[in-house]
Amino acid sequence: MHADLLAVHRACVALSLTLFTARGLGVAVNQSWPMHSALCHLSAVTDTLLLLAGASLWWLIGYSLAHNTWLSAKLTLLPIYIVLGSFALKRGRTHAQRMTCLVGALAVVFYVLGIAIYRQPWSWFAFLFV
């Protein structure tokens, strides 16, 4: 069960990031296709499955946020990524604001990936604290 959920979670991460990056790059070059309803719906379904798989893993393993600071860090950064991503794709008022938010969202998700890999809140910089 755990291995299957982890595989689903990882596949959803890959699809979600691919969709977000592609749509963000499309917005960067002022294309209309990134906001096509089918892509928006696919992103929403993928992100919902990603969250459900992650929450299921959390429940199955029984992680405590107090004892697993890396998980707390991931969950703290998630809403920041969501808000930045929303501004990057459609809520940003200017092109510069959308691009700044796109870079910020990708930076946050890159940091979260490091947290997931190293299971340390310091992410890619965990080796500095070992």
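Me: Helix angles here run from 0 to 180 degrees between N-to-C directions, and axes are lines fitted to C-alpha atoms. In this predicted model, why are α1 and α4 called roughly antiparallel?

Reply: α1 and α4 (95-118) pack at an angle of about 160 degrees, with their axes 10 Å apart. Angles over 145 degrees count as roughly antiparallel, so α1 and α4 take that label. Their crossing is left-handed.

Me: Which residues make α1 and α4 meet?

Reply: On α1 they include Val-13, Leu-17, Phe-20 and Leu-25, and on α4 they include Met-99, Leu-102, Leu-106 and Leu-113. The contact of α1 with α4 divides into twelve nonpolar residues, three polar and one charged. Gly-24 of α1 is part of this contact, and Gly counts as polar.

Me: What makes α1 and α2 roughly antiparallel?

Reply: The axes of α1 (residues 2-28) and α2 (residues 37-61) cross at roughly 150 degrees and come within 8 Å. The cut-off is again over 145 degrees, and α1 and α2 are therefore roughly antiparallel to each other. α1 passes α2 in a left-handed crossing. The residues of this contact are 16 nonpolar, seven polar and two charged.

Me: Why is the pair α1 and α3 called roughly parallel?

Reply: Helix α3 (residues 69-91) packs against α1 at about 30 degrees, with the axes 10 Å apart. Angles under 35 degrees count as roughly parallel, so the pair is classed that way. This crossing, too, is left-handed. From α1 the contact takes His-9, Leu-17, Phe-20, Arg-23, Gly-24 and Val-27, and from α3 it takes Lys-74, Tyr-81, Gly-85, Ala-88 and Leu-89.

Me: How many residues of each class are in the contact of α1 with α3?

Reply: There are six nonpolar, three polar and two charged residues. Arg-23 and Lys-74 belong to the contact, and Arg and Lys count as charged.

Me: What is known of the largest pocket, and which residues are closest to its centre?

Reply: The largest pocket holds about 1,200 Å³ of space. It is lined by 41 residues, of which His-9, Val-13, Leu-50, Leu-51 and Leu-78 are the closest to the centre.

Me: How do you know which helices supply its lining, and which gives the most?

Reply: A lining residue has an atom within 4 Å of a pocket point. α1, α2, α3 and α4 each supply at least two such residues, and α3 gives the most, with 13. By class, the lining has 27 nonpolar, seven polar and seven charged residues.

Terms used. Residues are numbered from 1 along each chain as its sequence is written. This is a predicted model: local features need pLDDT of at least 70, side-chain atom pairs count only at pLDDT 80 or more; totals for chains, interfaces and linings use all residues. Side-chain values use heavy atoms; hydrogens and water are left out. Helices (H or I, at least four residues) and strands (E, at least two) are DSSP runs, numbered from the N terminus. Angles under 35 degrees count as roughly parallel, over 145 as roughly antiparallel, 65 to 115 as roughly perpendicular and the rest as oblique. A crossing is left-handed if the near helix is turned anticlockwise from the far one by less than a right angle, and right-handed if clockwise. Contact means heavy atoms within 4.5 Å. On a 1 Å grid over the protein atoms alone, a cavity is a set of points where a 1.4 Å probe fits but cannot get out, and a pocket is an open set with protein on both sides within 12 Å along at least five of seven lines; lining residues have an atom within 4 Å of a point. Grid points are joined across faces, edges and corners, and a volume is the space filled by probe spheres set on the points.
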